[in-house]
Structures are given as C-alpha cells and as structure tokens.
Amino acid sequence: MPSVGRSLPRREDRPLLQGRGRFVDDIDFDGTLHARFVRSSVAHALLLGVDSEEARAVTGVVTVVDAAELALPPLLPPIDNPDALPVPRPLLATGKIRFAGEAVAVVVADSPYVAEDAAELVAIDLEALPAVTTTAQALRDDAPRVHDQPTNVMYDKRFSTGDELPRGPVVIHRTFSSSRQTALPMEPRGLLARPHGDGLEIWASTQSPHMLALAVAAGLGLAEDQVRVMVPDVGGGFGLKAHAYPEELVVAALARRLGRPVKWVEDRAENLTSSCHARGQTIDVTVSADADGVLTSIDADVVVDMGAYGVYAHGHLLEAGGTPSMIPGPYRLRDYRFRSRAVATTKVPLGAYRGVGLPVATFVHERAMDLVAAETGVDRAEVRRRNLLRADELPYTSVTGQRYDSGDYGAALDTALREIRYSAFAEEQAEALRAGRLLGLGFAVYVEYSAVGSSVFAGRGMLGLAGYDEANVVLGPDGIVRVWTTLPSAGQGITTTFAQLTADELSVDVELVEVRPVDTAVGRLRGNGTFASRSAVSGGGAIRVSCEELRRRLLEDAADVLEASPADLEIVSDAVRVRGAGTSSVRLVDLAAAAAPDRYDVVRRHDPEHPVYPYGAHACRVEVDPVSGFVRILDYVVVEDCGRIINPRIALGQTHGAVAQGIAGALYEELSYDEHGQLQTASLMDYLVPTASEVPPVQVEHMHVPTSASLVGAKGVGESGTLAPGAALANAVADALGAECNSTPLHPTVISDLARARLARTAEGVR
Amino acid sequence: MTMHVDVEINGVRHRREVEPRTLLSDFLRHDLGLTGTHVGCEHGVCGACTVQVDGRPVRSCLVLAVQTHGRSVRTVEDLSDPEDDVMHPLQEAFHANHALQCGFCTPGILMTIEALSADLAEMSDAAILEALSGNLCRCTGYRNIVCAIRAAGEPGDGEGTGSWA
Ligand code: FES
Ligand code: FES
C-alpha cells in the first residue's frame, strides 16, 4: 500500500511526549563551559573599550573575550549584486555599536549562573551616537550613518517595464506598512561546540546545518571536514534559525581555543533583542485601473527597515528582493515599476520569518484590490476575478520573471467565498449594523514562491545559499533503509514524511525506512537546509533521485540472483521479485548482506530548476468591539493548493500553525522601538504571542492542480498560511468599519476610534 | 553557600545541597538530568517549564529548588515509561490528534492539563482554552491541542480524535 497520502502517525512524537526529546540544552558533557554574551544596552555608539577585569576575577570564570582578543574576521554574507553595498557584521562589536542587543564581549564560566553574574560586571566604555530608528529618519541627508558608507541605503533596486506607465483612469495612491515581528520559536537559539581531533563537533539548533558548518569553517580558518554539525531536536525555527549567527561562530572559536566543550543557549530577552526580526516595511503604491477595475499598472516604492546588518548567508536582500517581485501577485499585470531599498537603522538585523517578504506583498495587492473595487464600484470579488490569471493562462511568466507553474486562482477564490457565505453577507451586515454591531468580511488571494533553486539564488546574487539539497539513502546489512538529508526537522514532521516518500519511491514497507537526524559528517552531503517551504520539494526531490539510483542497483543485482532481466523485476515491501512469477524473489536483506560496501549507499542532489508556486485564498468574518477595539474572528476559511500532499494530517498542522502566526501578525505582534533605539517589547509580557483563546478554529479546504515543476508533486506547505491573514483581516476590519486599514498590526486604539465613528455615522443615518 | 533540599521527585526522594538561587527548572534539568521540562522564557509567561508541585501546576522557572523542600514534584517523565506500550491517555491523545509539532511546549502543556485531568470530561471548550491560557505554542495554532484534550476526556485511552466547535 502506498504510504504517501496517508496520515501516518508521527514518528517524532513518542520521545517528545515522554520528555525524552533531546534539544541542544539537554546535551551535556563533562567539563562543559557556558558562554554568556555581554550585550550593548545602547543602540548606537562608538565603542572605546571593554573592561573585563572585574568579571575575570569572579570564581568560576574561565575567560572574557572581546573583539580584539577574538581577532576573527567579520561575517560577510557572500552577496554579488550590483544594487547592494557590502554589509560586514563583526562577530563582536568592533569600533562601533549598531544596535541595542549587539554582542560586545563574551564571558565563559563553569556554570551559566556564574557566566551571567560576571557578564554584569563587564564595563563597556562608549560614546553614544544618535540612534537611527525609522527608515524615514535614516533616509534624510543629515541622518547619522550606520555604516561607513555615504548613505544608509544598502540596497537600491529599480525595475520598470517602460519609461511611462499607463495611468488611470482610476488612480489610487496609498502607503501601506507592516511593523516588525519575529519568528519567536519556543526554543531560543543555542549551540554546543566540542573540540574533536583537530576540528570541532557542533550541536546546533539550526535550520541550515550545512551552511553553518561552512560558515564556521571559513570563519575559523578550518577545512570543511574539520567541522561537523549535528542537529538534535529543534524547538521551532520558522526562518529565525535559517541563518548562521555571530554568536555561533564565537562559541565554536571558544571551544577550540579553550579545548573544552562550550555551550550557549540564549534567553528570551536575547532572542528578542539579537535574533533576527522581520517584516519591517513601508510601501508607497500607486495602482491604476480602468473603469471596470482591470489593473493597468502598479508603481511601488518599497522601503525595508533592514536594521543594523544583514544575516548570513542571505544578506540584507531578503524582503527587499522578495516583496516587490510578488506585489503583482496572482493578477495579470504587464506594466509595473518599483524601487526597492533596504535601509540601515540602529535596530536588530532583519532576517527570515515564515513567508519572508510575501505576507507584505499579499497585503499590498489585496488591499489594493479592495480599494480598486471601492473606487470603481465593482464588487470586490468581481474585481479580483477580472484580474486573476485564469487556469488556462498558466504556466505564466509574471512581469518580474516569476514562472507561475500551475493552479486555478479563481477556483480558490470562489471556494473561499462560498465557504464564508459571501453572497449572504451584505444583508447580515446591514442588519447587524442597525443593531449597533460591526460585522466585516474580508478575503485575500495569494500566490507564493517556494523551493528556490541555485539558479534563482545566483540570479539574486545570493551566493552563500546552496539552493540544492542532497539525500543519502543507504540500505544497510540489516535490511533497513536509512535516509540522511540536508534538511533538519524543526517540528515539520519530516522524519515521518521523508520516510513515507522513501518507502514509496523504493516500493518498500515504510517500517523498513528510518530517517536520521542531520549530521554533516554523514555522506559528505551539501545543501541548503530548510527554509522557504522547501523540504518536501527539494528534499523530496533529492530523496526521489537517490532512490531511483538505489532501486536501479537493487534490480541489477537481483537480476543476477534471479537470472532475470531487471526490466522484469519489481520491489515489493522487503524483496525484489519477478513480476507475476509468484515465488521467485530475493530479500533486500540478503542482497545487502552479499553486496560490496557502499554498493547500496547512494547520494544524489536535487536542485529545483524553477521555484514552485503554492496559492490559495483566505476569507474571514469578524466582529469589531467598538469599546475595546478588539477584533473577534467569527469564521476563518483557508483554501489552498500545496500540491501533492504527503501526509494530510501533518500538512493540515502546518497550515493551522502558519495561519495562527499570520493572525498574530495581523492583530497582535509588534516589535516597537522608542526614539533611542530601545526595544520596548523585549519580553513575552510585551510582545504579544497569541494564546489558545486568540486563535480561532480554521476551516481548511484543499485543491490540487498538478504541477510538473516539482519532482514529487509537492509545492510546499510551511509558509503559505502566513501570507493572507494580514490582508484578509485588514479587509474584513475595513469592511466592518467603513474605513481603511493599511498597516499591521491593527491597533485596538485606532480600531475603536474608527468603530465609534462608524456607529456615529450610522446613528446620523449616513452610510 | 548552599542549602539542603529534601524533595520527592517523580516518586523518588532526593537530598541535595544546592545554591539557594538555583531555579527549580535548572535543578530538574541540570542537577537531576530531567530534561523533559523545557525553558522557553525564564520569566513566567510561556509555560514550557510547567511541572506539578504537590499536584498543582507550577512554573518551575519562577520557583527556587529550595522552595520545594519537603514537597513532591512531578515532571513529564513521570507520565509514562519509555517501555510502556501505551502512554498516558493525554500523551496518546496528543499523538493521535497531531497536537505537537516541535514538541518544545508539549511537556508544559501536558503537566498543566494533567493536573486537571480528573475533570476533563466535564470541561467546556471555553474552560479548556482558559486552562491553556498560560501555555504558549508557536507551532500548532492550538487547535489540535484542544482536540487532544477533548479526546483525552472521552472514554477510552485517548486514541480518539477530539472535535472543537
Ligand atoms: S520558562 Fe517558565 S514560563 Fe517560560
Ligand atoms: S509544538 Fe512547537 S511550540 Fe508547541
């Protein structure tokens, strides 16, 4: 029986449920030392000196290291893009401090308590400089420069389909914005490094172990095979752990220099003030349409608040590159112009968070659609239908060069509208309003790229991202098929889904397949790691091509044993047999026992030639409380096409989680700074992660239009749920209030003002 | 300076000398190797570190180890044995309902809910949400967690699939 398509129970669950998971901080070796970073409390300053004398005197402190003593080169993301300036990031602040939370020194002690005590005693001598806390401020001519450059604009890309864009007759000009948010995995970052021979063994809570291994080797001047990275259980990543961070290289260097294991696990305050943030953008948009609501052009000015640095190896182009490329969304658009800038500020560096620039792009095109509808008087569903690419127009290369592979965008929208009962809503809304209740309905259509391959990364100049992934599939003498890949599991269930894929590719029982944790020493694999919803597509592809080769070898060898042609053989559960011939078969375990070592040890690579494009539509009904400004979600519907589904229950869980994060970004979460560059939301008391009460039940409908762009048929499901909630909720609240909502999160104070105004208008009989 | 602590943990009596400032979470994890209890914030918000002290759910990052002197502490490791074929009904329900992804928040949620489990069958959805209000989960969107808790309250071993209106 094929195992793909079945909701097999997860293999990862039992140890995690019984408290036998093994996360980085659960691993301990005798003599492990503990690192604690000394971080700047000031956002922008000249760093004059670090005095660690008092800290060194504390019993239990082994060493205190600052940049001078560390004496290692900065992390410089390998970016080759004519529109980008280089942004080196020192491992420990050197000469200058560029954000509050930046690591200035590190204390190593024999216990975390002592390290933390001693870190308090390290004195930082600095001369404060004015903070740069908004992009508007950073763009001013007289703004302080964050880097040693004549400008704070570290990436400036212009794109245009022509000198003159067609304009009008309907012209809408708006500014949209998204506050900073962060991935906030429940397990913060952490790394344990142990000297081993002439190199290092590292256990890291990371999504990109192979990239981390290369970064550590390069940063410390080691050969690639001197650094081994292993990934234990990872307590969530969502993009935040897709990067190699300065702290990780510092801890690795310390373990080598001290000749002892060194562990670093950040606390939540560090997580909020030094792990990457995301989504800080302001977009000025001019949308033109004809009188029927058909788009004629879009002109967008995207400004991304990149913070003080980029991230390794993605650099500072993630959102500034991604958002404008997808602002056209699932719509037919030929005339498009954008300028996109990544602007340095003295804030935490911007990096990846589930969906990266695409929730913002979706917000822009879906708010724009509602505004075009309002302006032209065309129904907002109908406006979208007139502009959506039809199924028969796909594959379609968008104006920015995105090759939308397959889908039926209109069907996704229509299903969502049916499930949310759109046609009945206007009357319900009017009736509720007469009773003083504010109901709103909103929806959003989205398309996403996922599983980006090496050619696309190279085209963007992101040379440090592999783009491909590899799998090592090994049939052992015990008859067990073991699988290693370059994609660690951080909760997505790939220990289970990869076993399902492998089982079906080889036609063996799924019980015979074991997916192993990522270990860069096994099989000498190289690859990207898991981000941008790529595991199923890219990892699945690597598993498929590896299994094809393993199957070929098995059939070839079985052909000798069975004196048959390989073409007449098939693998069934645990043996190779002659098709239709009943008894003539040889067991895999016997083939393995007789084979030369390495015969059934296959490594293959998959490098997706084109990204794939999951898409869908979200729709919701809300009620706004005019007193508190609280938005209650009454119904939430998701229609999505994530391609062929490997494990329905796991895919659904991914969507639930992604939608919850999308809702959080629309209504609750915001990293806010004061004018001195101090993060005002540096604890979970202030940064509002939704609890069970804030996340409504979500109805999920799947659709499936096959794609040829994915080897295994999957399109990726990790991120898409985050794309549309911001837009759908803003549209719903705008509908309830009869007012515009053009920035996220939607602040209760603003909403309650608008809500009261709406009720006042109603009372006066104005609609 | 150290202080003496005499505490029963998962049915076993431990007598240790600890620094008075040692958090219960660190004592459990690093002194006793009970790493099933996780630390997600160390400031009392996320609930990942929840254990039971004298049967009541307690955030072990907000309690000093010495404060458990003379008391009885229960951690996730006590819910079932690795050798058991069938886990605790709540654990089985979490498994059957895909109520965990990364599993980092899970032990804290199990220990929170297990402390109430006598009344699970009678709990309304609203009461379950209320019971969960001190536990953050970043992966699941909570829905399957609520379903699992529902299922655990139903007759059987928790293998059923709970629903949530
Ligand atoms: S770690 Fe104790 S509540 Fe978060
Ligand atoms: S399962 Fe990952 S935080 Fe809950």
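This is a predicted model: local features need pLDDT of at least 70, side-chain atom pairs count only at pLDDT 80 or more; totals for chains, interfaces and linings use all residues.
**View 1. Domains 1 and 2 of chain A.** In chain A the assignment gives domain 1 (13-129 + 186-236 + 241-274), domain 2 (356-372 + 379-448 + 611-766) and domain 3 (468-606). Between domain 1 of chain A and domain 2 of chain A, the C-alpha centres are 38 Å apart. Contact between these two domains involves eight residues of domain 1 of chain A and ten residues of domain 2 of chain A. Together domain 1 of chain A and domain 2 of chain A bury an area of about 580 Å², with 68% of it from carbon and sulfur atoms. Of the area that domain 1 of chain A buries against domain 2 of chain A, 60% is supplied by A43(A), R268(A) and L272(A), more than by any other three residues.

**View 2. Polar features of the interface in chain A.** Zero salt bridges are counted between domain 1 of chain A and domain 2 of chain A, while one residue pair is found in polar contact across this interface, both residues being at pLDDT 80 or more. The side of domain 1 of chain A that touches domain 2 of chain A comprises, by class, five nonpolar, two polar and one charged residues.

**View 3. Domains 1 and 2 of chain B.** Chain B is divided into domain 1 (3-79) and domain 2 (89-153), whose C-alpha centres lie 21 Å apart. Here 18 residues of domain 1 of chain B are in contact with 13 residues of domain 2 of chain B, and the area buried between the two is about 1,300 Å², of which 62% comes from carbon and sulfur atoms.

**View 4. Salt bridge and polar contacts between the domains of chain B.** One salt bridge is counted between domain 1 of chain B and domain 2 of chain B. In chain B, the side chains of R74(B) and E114(B) meet in a salt bridge with an N to O distance of 2.7 Å. The count of residue pairs in polar contact between domain 1 of chain B and domain 2 of chain B is seven, with both residues at pLDDT 80 or more. On the side of domain 1 of chain B that touches domain 2 of chain B, the elements giving two or more residues are β3 (50-53) and β4 (56-59) of chain B, and the largest share, three residues, comes from β3(B). By class, that side of domain 1 of chain B has eight nonpolar, eight polar and two charged residues.

**View 5. The salt bridge of K241(A) and E187(A).** The closest N and O atoms of K241(A) and E187(A), which form a salt bridge, are 3.1 Å apart. This pair links distant parts of the chain, 54 residues apart, with K241(A) in the loop between β11 (227-230) and α7 (246-258) of chain A and E187(A) in the loop between β8 (170-178) and β9 (190-196) of chain A. Both K241(A) and E187(A) are buried.

**View 6. Two further salt bridges of chain A.** R140(A) and D142(A) form a salt bridge in which the closest N and O atoms are 3.9 Å apart; R140(A) is partly exposed at a relative accessible area of 48%, and D142(A) is exposed at 62%. In another pair, the side chains of R418(A) and E419(A) meet in a salt bridge (3.0 Å, N to O), where R418(A) is exposed, with a relative accessible area of 55%, and E419(A) is partly exposed, with 23%.

Key:
Residues are numbered from 1 along each chain as its sequence is written. Chains are lettered from A and ligands numbered from 1 in the order in which they are written. Side-chain values use heavy atoms; hydrogens and water are left out. Domain bounds come from an automatic or database domain assignment. Contact means heavy atoms within 4.5 Å. Buried area is the accessible area (1.4 Å probe) that two parts lose on being put together, summed over both. A salt bridge is a side-chain nitrogen of Lys or Arg within 4 Å of a carboxyl oxygen of Asp or Glu. A polar contact is a pair of N or O atoms within 3.5 Å; within protein, one must be able to donate a hydrogen and the other to accept it, and residues adjacent in sequence count only if both atoms are side-chain atoms. Ala, Val, Leu, Ile, Met, Phe, Trp, Tyr, Cys and Pro count as nonpolar, Asp, Glu, Lys and Arg as charged, and the others, Gly among them, as polar. Helices (H or I, at least four residues) and strands (E, at least two) are DSSP runs, numbered from the N terminus. Buried means under 20% relative accessible area, exposed over 50%, partly exposed in between (1.4 Å probe, protein chains only).
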